[in-house]
Every structure is written in C-alpha cells, then in structure tokens.
Amino acid sequence: MSRIVAYTYEADVHCVNCTNNRFGQHIRFPRDSNGIPLDSTDREGNAIHPVFSTDEVTTTHFTYCGSCLQPLEH
Ligand SMILES: [Zn+2]
C-alpha cells in the first residue's frame, strides 16, 4: 500500500510534518489523509504534490526534508 511520505513545493521536498505546519491551518477542504488541504499552493502559485512511498523517484532523489533537514521516511 502506498503512503504519502512527503510533499513537493517551492522547488524542494518537505516532510509531512513541515507541510502540515505550512499549510495545515488553511481553512480549505477537502483534505488528504495527512490533513493537508489538497488545493494548497506554494508562494509561487504552484500546487503542492504528494510524494508516495511507492514512487520510484522517492527513494532515489528525495532523501531529506528541505525544511527541517530530517531524513524522510520511506
Ligand atoms: Zn520537515
């Protein structure tokens, strides 16, 4: 089963926690399983994208959160 392990926005990848801190308090619906409003956009106006644990690119290119610099769980 695939889980969302991170999100991409502002030209970097960010862990669920940081994404929640950044977007979670926006009063928008619907939200995904992590409570992230699905129509969130970053400050460049681009939609944020969930990264799934099953994505091939995830394990090879996304290793650290761009906000808190912690290793991403896969
Ligand atoms: Zn983080």
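## Pairing of β1 with β2

In this predicted model, Y7 stands opposite H14 in strand β2. The two strands involved, β1 and β2, pair in the antiparallel sense, and four bridges connect them. Strand β1 spans residues 4–9, and strand β2 covers residues 12–15.

The hairpin formed by β1 and β2 has two residues between its strands. Within this hairpin, E10 adopts a positive phi near 45°.

## Pairing of β1 with β3

Strand β1 is also joined to strand β3, residues 49–52, by four bridges. Here too the strands run antiparallel. One of the residue pairs across these strands is T8 with H49, the latter being the bridge partner in β3.

## The sheet as a whole

The three strands form an open sheet in the order β2-β1-β3, with antiparallel pairing. Its edge strands are β2 and β3, each of which pairs on one side only. On average, neighbouring strands of the sheet are turned by 40° against each other, direction ignored. In general, strands of a sheet pair through backbone hydrogen bonds, in either a parallel or an antiparallel manner.

Helix α1, residues 16–23, lies across β1 and β2. The helix runs at about 95° to β2.

## The surroundings of I4

I4 lies in strand β1. Is this residue, I4, buried, exposed or partly exposed, and what is the reason? I4 counts as partly exposed because 17 C-beta neighbours lie inside 10 Å, whereas a buried residue would need 20 or more and an exposed one 12 or fewer.

Leaving aside neighbours within four places in sequence, I4 is in contact with V16, D32, S33, N34, P50, V51 and F52. Among these contacts, P50, V51 and F52 fall in strand β3, residues 49–52, while V16 belongs to helix α1, residues 16–23. The C-alpha atoms of I4 and C15 are separated by 9.4 Å, and these two residues are eleven residues apart along the chain.

## Confidence in the model

The average pLDDT of the protein is 86, and 91% of the residues score at least 70. Confidence is highest in strand β2, at a mean of 94. The lowest confidence is found in helix α2, residues 56–61, with a mean of 68. Where pLDDT is low, the predicted coordinates should not be read in detail.

Key
Residues numbered from 1 in each chain as written. Predicted model: local features only at pLDDT ≥ 70, side-chain atom pairs only at ≥ 80, totals over all residues. Contact = placed C-beta atoms within 7 Å. pLDDT = per-residue confidence, 0-100. Pairing = 2+ DSSP bridges. Axes fitted to C-alpha atoms, helices over the stretch in contact; angles between N-to-C directions.
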